[in-house]
Amino acid sequence: MRYLKKLRPIHLIIIVFFLTNVFFLTNFPFIHSDESWLSGLSRNMLEKHDVSVTETFFNLYPRNPHAIKLLFHLIQIVFIKLMGYGIFTFRFISLLAGTMSLYLYYKLAKKFTNSTILANLTTLVMGLDIQFIYASHFARQEIILVLILFIAFYYFLYKYRYQNSILQDIVMGMILGTAIGIHPNSFVIALPFIFIYTYKLLIEKKIKLHNYFAFGGTLGLIGLFFVFLSFKFDPNFIHNYFNYGGSLGVSNSIFAKIDMLDYFYQKLFYRVSGTYYIPPVKFQLIIFSLAAILAIVQVFFRKDQKNILLLLMLLGINVGYVIIGRYNQTGIIFIFPICYLLVLRTLSLVKKNYSYPIIVLIIVVLTFNTASALITDSSDKYNDYIAEIARVIDKDDRVLANLNTEYYFANGSLLDYRNLAYLEANKMTFAEYISANSIEYIIYPEEMDFIYNHRPIWNILYGNLYPYYQDMQSFLRNKCSLVHSFTNRIYGMRIARYVDKQEWSIKIYRVND
């Protein structure tokens, strides 16, 4: 009872958020191949005792080792040892990061309002947001980057003292530098602080040049360390890394990237995607736009310094999107906490008889929005999917299949369909590939026929199917036996707009001796 008396509203929000999300952690969103791609590499690193290895499920698809995500894989390796290899393990990492982020968000919120009630309510808003829940479930790196962003912002707001020693600038650089070992989007979360440092140096003149260079130098040195490690893994790191980035739009001209920013937000607004689930965020993007406009007005008329900080953060994140040019939909989570702080700051500058009803209205709308999305888009079909495969294929059998089956198979058993796009470049036929890799089973989803029949629009999934499709069909008819078939509304199709729209067939063929 003594501990219960010490519980504050924020503690209840955090506890309820964590416990509630644990129950549907693997059901929302549907399991994406990115998750098994990342965890599969972590498992291979662990089993091979070598952090410079690449994925076992790619042998023709070009992969080259690097250290830019090394810390993330090490985190996953620790959890594999603690909890075993499965989707729950890796999504649990994201939920832990999301829960810690939510608490730090509350600490940040208290800096942008004098009202503890408003700080609690906006933390509740954050915990109810479907995009934040999505990021806190998805077994990718974005939510860990959010946590690092919050730690850096917390340190800057609570611990940073102007005209002090450069030690605090080194600490800031070290905090953000760790993100380089998590994901290349570390640049997106570091750039806002570079903007803030530049503003404090040139406009406010609160910091000195040595503070600026201590921060930037620390960040740069950590970046060079990861680059050095990457060269140890791959002597052609720069060439290979930028070649791969070029295939994702990173090498486009800056003007092309700027043009894409508007399209990026439009796709999020209208939920247009390739294979990623995009939650309904129209309401959030509208209130974020209004909050940004009001914040600019408050800066213009009131010279509100806290809104300046948040606007610099928001600007830095968006400039980061543009410079990288990747425009991955999962990266949108970075603007959400900053925009909610803008909403909070804007409300804290108006009368309470206006701010409280507005925040309550936001809570009501988000509750309905999130509940509706979770009811509609949650699914437990993955277990059914794996159970059907397990009826005829052992975990150690060699298979050609979709990467989303990876959690069932032993390390090294699975080869992914993405390899087939490189058959021609390697002067191989489909039959030769199957034979050379001793493949025993082929798990064939209906989406392969769909992609071929609607080519070339969906070639982004597996590359161009045209060169090998007929060869593959002939092989399935003449060299294989159909041993099992079933349907699955979620995992027979990876294209997001068609997921859960019908029963998609999945056929399992045994390769004849």
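Over the ring of which residue does the charged end of Arg-455 sit? In this predicted model, in which local features need pLDDT of at least 70, side-chain atom pairs count only at pLDDT 80 or more, and totals for chains, interfaces and linings use all residues, that ring belongs to Tyr-452, and the charged end of Arg-455 lies 4.1 Å from its centre. Residues are numbered from 1 along each chain as its sequence is written, and side-chain values use heavy atoms, with hydrogens and water left out. A charge is taken to sit over a ring if NZ of Lys or CZ of Arg is within 6 Å of the ring centre and within 35 degrees of the ring normal. A further case is Arg-43, the charged end of which sits over the ring of Tyr-85 at 4.0 Å from the ring centre.

The chain comprises 22 helices and five strands, both being DSSP runs numbered from the N terminus (helices H or I, at least four residues; strands E, at least two). The radius of gyration is 24 Å, close to the 24 Å that the globule rule gives for 513 residues, so the chain is as compact as a globular protein of that length; the radius is taken over C-alpha atoms, and the rule is 2.2 Å times the number of residues to the power 0.38. Of the 513 residues, 56% count as buried, where buried means under 20% relative accessible area, exposed over 50%, and partly exposed in between (1.4 Å probe, protein chains only). Among contacts (heavy atoms within 4.5 Å) between residues at least 6 apart in sequence, 75% join residues at least 24 apart.

The largest nonpolar core has 172 residues, and those with the most contacts inside it include Phe-193, Ile-442 and Met-472; such a core is a set of buried Ala, Val, Leu, Ile, Met, Phe, Trp, Tyr and Cys residues joined through side-chain atoms within 4.5 Å. Helix 8 supplies the largest share of this core, 13 residues. A second, separate core of nine residues includes Ile-68, Leu-70, Leu-229 and Phe-237.

Aromatic pairs number 50 in the structure, a pair being rings of Phe, Tyr and Trp (its six-membered ring) with centres within 6.5 Å, counted as stacked if the planes are under 30 degrees apart, edge-to-face if over 60 and tilted for the rest. The rings of Phe-153 and Phe-193 have centres 6.1 Å apart and planes at 75°, so this pair is edge-to-face. Because Phe-153 lies in helix 8 (residues 142-158) and Phe-193 in helix 10 (residues 186-202), the pair ties together parts that are 40 residues apart in sequence. Phe-153 is buried, with a relative accessible area of 1%, and Phe-193 is likewise buried, at 0%.

An edge-to-face arrangement also applies to Phe-430 and Phe-475, since their ring centres are 5.4 Å apart and their planes at 70°. With Phe-430 in helix 19 (residues 430-436) and Phe-475 in helix 22 (residues 466-478), the pair ties together parts that are 45 residues apart in sequence. Both residues are buried, and both are among the contacts of Ile-442 beyond its neighbours within four places in sequence.

Phe-30 belongs to an aromatic cluster with Phe-28, Tyr-134, Phe-138, Tyr-276 and Tyr-277. Phe-30 lies in the loop between helix 2 (9-23) and helix 3 (33-48) and counts as buried at 12% relative accessibility. Beyond its neighbours within four places in sequence, its contacts include Arg-91, Tyr-276, Tyr-277 and Tyr-491.
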